[in-house]
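Please keep the sequence and the 3D view at hand while reading.

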Amino acid sequence: MIERTLFNSDHEAFRDAFRRFCDKEIAPHHAAWEEQGYVDREVWTKAGENGFLCMTMPQEYGGSGADKLYSVVQMEELARGGWSGIGYSLHSEIVAPYILHYGTEEQKQRYLPKLASGEMVGAIAMSEPAAGSDLQGVKSTAIKQADGSYLLNGSKTFITNGWHADLVVVVAKTQPDAGAKGTSLLIVERGMAGFETGKRLKKLGLKAQDTSELFFDNVRVPAHNLLGGPAFENKGFICLMEQLPWERMQISVTAVASAQAAIDWTVQYVLERKVFGQPVAAYQNTRYKLAELQTEVQVAQVFVDKCNELVVQGKLDTATASMAKYWTTDLQCKVMDECVQLHGGYGYMWEYPITRAYADARVQRIYGGTNEIMKEVISRSMGLGAR
């Protein structure tokens with residue numbers, strides 16, 4: 001295998017520390033969390049106590065000022081264990097960066113330390129019943145009132161961390177007749193009148209992840225909760241487009257790490273499981289199939305590592321991130337399917353990690369922009385836009 005050069009000794013020391021945290025605080029409970037449909041709130045506060053939330057935020061806002069590779073390590077470790085209910089990456093590497101990059105100083109001081117400690121859990125509300133990948137089709141509105149506040153109405157769905165969320169960055173139209181140019185981002189807090197969390201959604205996979213509906217019925221959002229303040233009114237769509245490449249890379253990181261975990265589980269299984277008097281691994285079809293999968297995952301890992309180098313350098317472009325997201329998630333689903341097949345009937349039993357990983361993988365090709373949208377982005381970068 002090609003030696004990975006992406007991480008230094010400090011990253012690997014962090015990997016060891018976070019792996020121990022996972023083994024102690026997550027692994028013993030994850031099956032129960034899958035049954036109840038959400039993780040216990042304590043896993044957030046314990047992560048905050050150990051410095052495992054918002055690590056890349058500056059120290060003055062409660063973070064560690066770490067580079068994004070620490071978060072990459074965290075994503076890989078969660079994927080390695082199949083602990084798909086933990087929403088740390090969205091909280092720390094999507095919600096918090098929106099506030100850091102676009103928020104006013106008052107917003108940064110007010111929210112980032114609480115996100116870093118786990119006192120607040122963050123979510124972002126983009127998708128709606130009639131608007132998924134098409135963010136320009138958002139119907140939620142936030143109409144400015146005479147006192148400068150915004151009256152927010154609408155609903156959101158498929159919201160990760162939605163059940164626990166204390167803070168939600170909401171995408172809404174502040175100028176409904178202006179299309180994408182009339183979009184803004186508002187910070188909505190738990191307890192605001194008219195803001196309600198709907199039912200937890202029952203999903204094919206990610207069963208411990210608290211995915212929920214959110215409803216906004218005449219929620220009066222103070223003017224100081226417009227993300228970025230007056231200068232960012234009607235500029236939310238630009239912010240969303242700027243942050244999507246990193247969001248898609250996070251999906252890619254998880255895809256490759258999950259695929260590698262599936263191969264590792266399967267190698268162990270076929271060495272131990274006997275069919276017709278010999279290990280499943282003794283059959284040429286088994287060996288060749290796993291060799292093919294490992295080769296493809298190795299290729300994907302090299303590409304994703306290079307993309308993450310570009311992330312750290314601030315050079316990752318939208319088209320390349322889209323390539324990574326589409327390619328790795330397609331590969332993830334292929335690997336899961338083949339590994340389930342090599343497990344035989346046991347690959348269909350929920351008690352086996354490969355079965356849960358198979359169910360968890362399917363959504364990767366959908367969220368963060370469907371893979372069809374990724375191909376559209378890539379083709380446009382090639383000068384092949386629709387005419």
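## An aromatic cluster

Ring pairs join F14, F18, F21, F52 and Y70 into a cluster. The rings of Phe, Tyr and Trp (for Trp, its six-membered ring) are taken to pair if their centres lie within 6.5 Å; planes under 30 degrees apart are called stacked, those over 60 edge-to-face, and the rest tilted. The structure is a predicted model: local features need pLDDT of at least 70, side-chain atom pairs count only at pLDDT 80 or more, and totals for chains, interfaces and linings use all residues. Residues are numbered from 1 along each chain as its sequence is written, and side-chain values use heavy atoms, with hydrogens and water left out.

A search of the whole structure finds 14 aromatic pairs. One of them is formed by F14 and Y70, which are edge-to-face, with 5.5 Å from centre to centre and 75 degrees between the planes. This pair links distant parts of the chain, as F14 belongs to helix α1 (residues 9-26) and Y70 to helix α4 (residues 68-81), 56 residues apart. Helices (H or I, at least four residues) and strands (E, at least two) are DSSP runs numbered from the N terminus. F14 and Y70 are both buried; buried means under 20% relative accessible area, exposed over 50%, and partly exposed in between, with a 1.4 Å probe and protein chains only.

Y346 and Y352 form a tilted pair, because their ring centres are 5.5 Å apart and their planes stand at 45 degrees. Y346 is partly exposed, at 36% relative accessibility, and Y352 is also partly exposed, at 22%.

Two arginines are placed over aromatic rings. A charge sits over a ring if NZ of Lys or CZ of Arg is within 6 Å of the ring centre and within 35 degrees of the ring normal. The charged end of R15 sits over the ring of F7, 5.1 Å from its centre. R200 lies over the face of W163, 4.6 Å from the ring centre.

## E77 and its partner R15

E77 is found in helix α4 and is buried, at 2% relative accessibility. Its side chain makes a polar contact of 3.0 Å with the side chain of R15. A polar contact is a pair of N or O atoms within 3.5 Å; within protein, one must be able to donate a hydrogen and the other to accept it, and residues adjacent in sequence count only if both atoms are side-chain atoms.

Not counting residues up to four places away in sequence, E77 touches R15, F18, R19 and W83. Contact here means heavy atoms within 4.5 Å.

## Around strands β2 and β3

S149 lies in the loop between β2 (141-144) and β3 (150-159). This serine is buried, with a relative accessible area of 6%, and its side chain makes a polar contact with the side chain of D147 at 2.7 Å. Beyond four places in sequence, S149 touches I143, K144, R220, V221, P222 and A223.

I143 is in strand β2 and is partly exposed, with a relative accessible area of 36%. The residues I143 touches, leaving out those up to four places away in sequence, are S149, Y150, L151, K173 and P176. F158 is in strand β3 and counts as exposed, at 58% relative accessibility. Apart from neighbours within four places in sequence, F158 is in contact with S127, L201, T211 and S212.

## Packing of helix α10

Helix α10 (residues 353-361) has I354, T355, A357, A359, D360 and A361 as its buried residues. These buried residues pack against α7 (236-272) and α9 (318-343).

## A cavity and a pocket

On a 1 Å grid over the protein atoms alone, a cavity is a set of points where a 1.4 Å probe fits but cannot get out, and a pocket is an open set with protein on both sides within 12 Å along at least five of seven lines; lining residues have an atom within 4 Å of a point. The search of the whole structure finds one cavity of 30 Å³ or more. The largest cavity is lined by E93, I94, P97, Y98, Q243, W246, E247 and Q250, and α5 (88-102) and α7 each supply at least two residues of this lining.

The second largest pocket has a volume of about 430 Å³. Grid points are joined across faces, edges and corners, and a volume is the space filled by probe spheres set on the points. Of the 18 residues that line this pocket, R4, R15, E76, Q260 and Q301 are the closest to its centre.
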